[in-house]
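Hi everyone, thanks for coming.

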Amino acid sequence: MPVPSPTVACREPGSFLWMRASALPSLKFCVLASLCLGLQTADGAKTKQLLRHKVQSGLAADRDAQVWMQCAVEGDPISQEGTVRFGWDSSWVQSDLLAGATCSSVSFAGQDPKPFVRKVCECLARPEGEEHPDSREELGVFWERCAEEGGSCACDSGRVRFGEGTRWVTADRIASDAPTPCTIASFGEDPAKSSLKECWCSKASAKSQQQAKVAIVMLSRHPPDLKTWLRYHVGFLGVEHVFIKAEDSPDMQDTVRQMGPAVQKKVSLWTSESEAHSSLLGISSGVDTRPTDDYTTLQDRQVAAMAKAKAACEEMGIDWLIHIDDDELLYTPQHRSIGELLAAVPRQFDQAYMPNVEAVYQSAKVKSCFAETQQVNLNRFTFESYANGKAAVRVASTEARPAGPHMWRNSWNGDLNSLHLDKGAFGSPVMVVHYESCPYNRWKDKFWELGRTSPDKVSQIPFPFYRESIQKMQRCRQWGDNTSSNHHLLSLLGCSEGSLLELWGKWKTPANPHLESKDLMPIHLPWDDILKD
């Protein structure tokens with residue numbers, strides 16, 4: 001008979017070991033208790049009889065035991081939908097929550113069971129056999145597992161997704177009696193390399209497909225491709241209105257006017273000279289009032305634009321507001337409209353967090369960054385810029401205040417009741433694709449100007465790509481730009497056109513040594529239709 005672990009203390013004969021069900025199932029509890037009794041009881045026969053009794057009764061009790069497993073620490077999103085408790089030690093409050101709800105008192109009706117102590121969330125373990133359900137809901141749409149990789153998927157709707165975890169591609173097929181082969185060849189690509197994949201079939205909607213009114217606010221200076229950006233968000237994704245705080249961009253008004261009246265009426269421009277909410281009519285040209293140290297003051301200007309846009313949304317009857325930049329696109333892998341997705345967010349949530357991913361370009365020759373990008377990097381630990389996503393805020397939340405460009409908080413800087421969409425059944429149904437520093441000429445201009453940032457502040461920038469780019473431009477600035485006639489000197493300094501292209505490609509293309517194929521996911525958008533006049 002094995003000896004009990006030395007960390008388990010046996011009490012006097014006849015007593016039981018009291019252990020939390022979350023630590024050991026009841027069967028293990030009974031065995032350990034009996035072993036302790038056996039070690040301290042001279043009558044071995046009685047011990048064996050007691051052991052058999054405890055094991056038999058434990059089998060029945062084990063079926064009804066509640067097993068709690070930690071699924072988040074305070075402040076983080078909960079990883080599993082279902083019954084969740086929040087607290088520490090013997091002090092807990094309990095509620096039924098969605099995956100992605102925040103592990104904080106705001107998700108438990110404001111109750112704090114253990115003040116001044118860092119708490120955790122524990123999820124009630126699912127019964128055996130139900131850990132991986134064959135039916136899932138994704139913000140209003142039901143999906144059912146129909147095949148493992150190599151099998152065949154019978155799907156009446158004709159809409160099948162193929163992948164694993166958070167990485168999927170989707171095929172829309174004409175509904176027929178012929179099943180869809182669940183293979184890479186059938187979908188044309190591998191969304192999750194080196195993983196066993198599966199197929200899921202889209203079923204009827206869980207609720208009526210309502211459409212929320214969604215607005216975007218951004219601060220923009222010399223946007224890389226504003227026409228494409230607007231056509232995509234307004235024409236394809238269904239964004240109701242766009243607020244643009246324009247800085248040093250006198251041509252922006254003409255760009256928007258070229259889009260036609262259907263787009264014009266959905267765009268409001270603000271300038272640095274006049275903060276008045278205006279349509280395109282009568283806009284003033286404005287002046288560039290940006291401070292010299294642009295990097296460290298950018299967020300303050302973004303926050304001011306977010307607050308003003310929220311006030312405008314309240315007057316216009318907009319339901320949700322999202323802050324993104326002019327080099328970012330909202331991407332819905334299932335090509336659902338952004339209004340349909342956010343309309344399905346339960347009403348108790350005032351904020352929906354969306355993860356960001358980074359575009360990976362095929363080469364430094366890329367010109368149309370949005371339309372030419374075919375894959376994104378999902379591994380936030382290898383991003384070249386920020387990795388904490390962006391958030392959509394419910395405009396009706398009177399307490400919501402911008403807390404930087406990535407999130408909103410309440411008036412006393414506390415958490416809003418928030419849903420983290422990346423904890424959804426198939427990963428996030430909407431994400432922010434960051435086309436950072438693209439194309440090459442935009443990167444060169446951007447970091448030439450950021451080269452004015454002081455060395456002390458450069459050292460505090462958390463992104464190696466940013467630091468190296470700024471320091472390179474500061475070095476090149478000392479010897480003039482790369483049109484200088486002294487090409488040999490520029491080449492030695494790494495400031496020639498070829499050297500700068502090589503530096504850009506080292507970070508932004510598959511030549512980046514930190515990128516791994518398992519971290520890349522294909523993206524698909526119907527650009528021919530989106531850009532059609």
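Before we look at any one link, here is the rule I'm using: two cysteine sulfur atoms within 2.5 Å of each other make a disulfide. Please also keep in mind that this is a predicted model.

How many disulfides does that rule give? The count is seven.

Let's begin with C146 and C153, which are joined with an S to S distance of 2.1 Å. The torsion about their S-S bond is about -95 degrees, so this disulfide is left-handed. Are its two ends buried or exposed? C146 has 22% relative accessibility, so it counts as partly exposed, while C153 is buried at 0%.

Next come C369 and C438, with sulfur atoms 2.1 Å apart. This link is left-handed too, with -90 degrees about the S-S bond. It ties together distant parts of the chain, 69 residues apart: C369 sits in helix 9, and C438 lies in the loop between strand 24 and helix 10. Both cysteines are buried.

Then there is C476 with C495, at 1.9 Å from S to S. Here the value about the S-S bond is -95 degrees, again left-handed. C476 belongs to helix 12, and C495, 19 residues away, is in the loop between helix 13 and helix 14. C476 and C495 are both buried.

Now let's step back to the whole protein. It has 15 helices and 25 strands, and 47% of its 533 residues count as buried. Among contacts between residues at least 6 apart in sequence, 71% join residues at least 24 apart. Finally, the accessible surface is about 26,100 Å², with 51% belonging to carbon and sulfur atoms.

How values were computed: Residues numbered from 1 in each chain as written. Predicted model: local features only at pLDDT ≥ 70, side-chain atom pairs only at ≥ 80, totals over all residues. Heavy atoms only, no water. Helix = DSSP H or I, 4+ residues; strand = E, 2+ residues; numbered from the N terminus. Buried < 20%, exposed > 50% of the residue type's maximum accessible area, 1.4 Å probe, protein only. Contact = heavy atoms within 4.5 Å. Areas by Shrake-Rupley, 256 points an atom, 1.4 Å probe, with all protein chains shown as cover.
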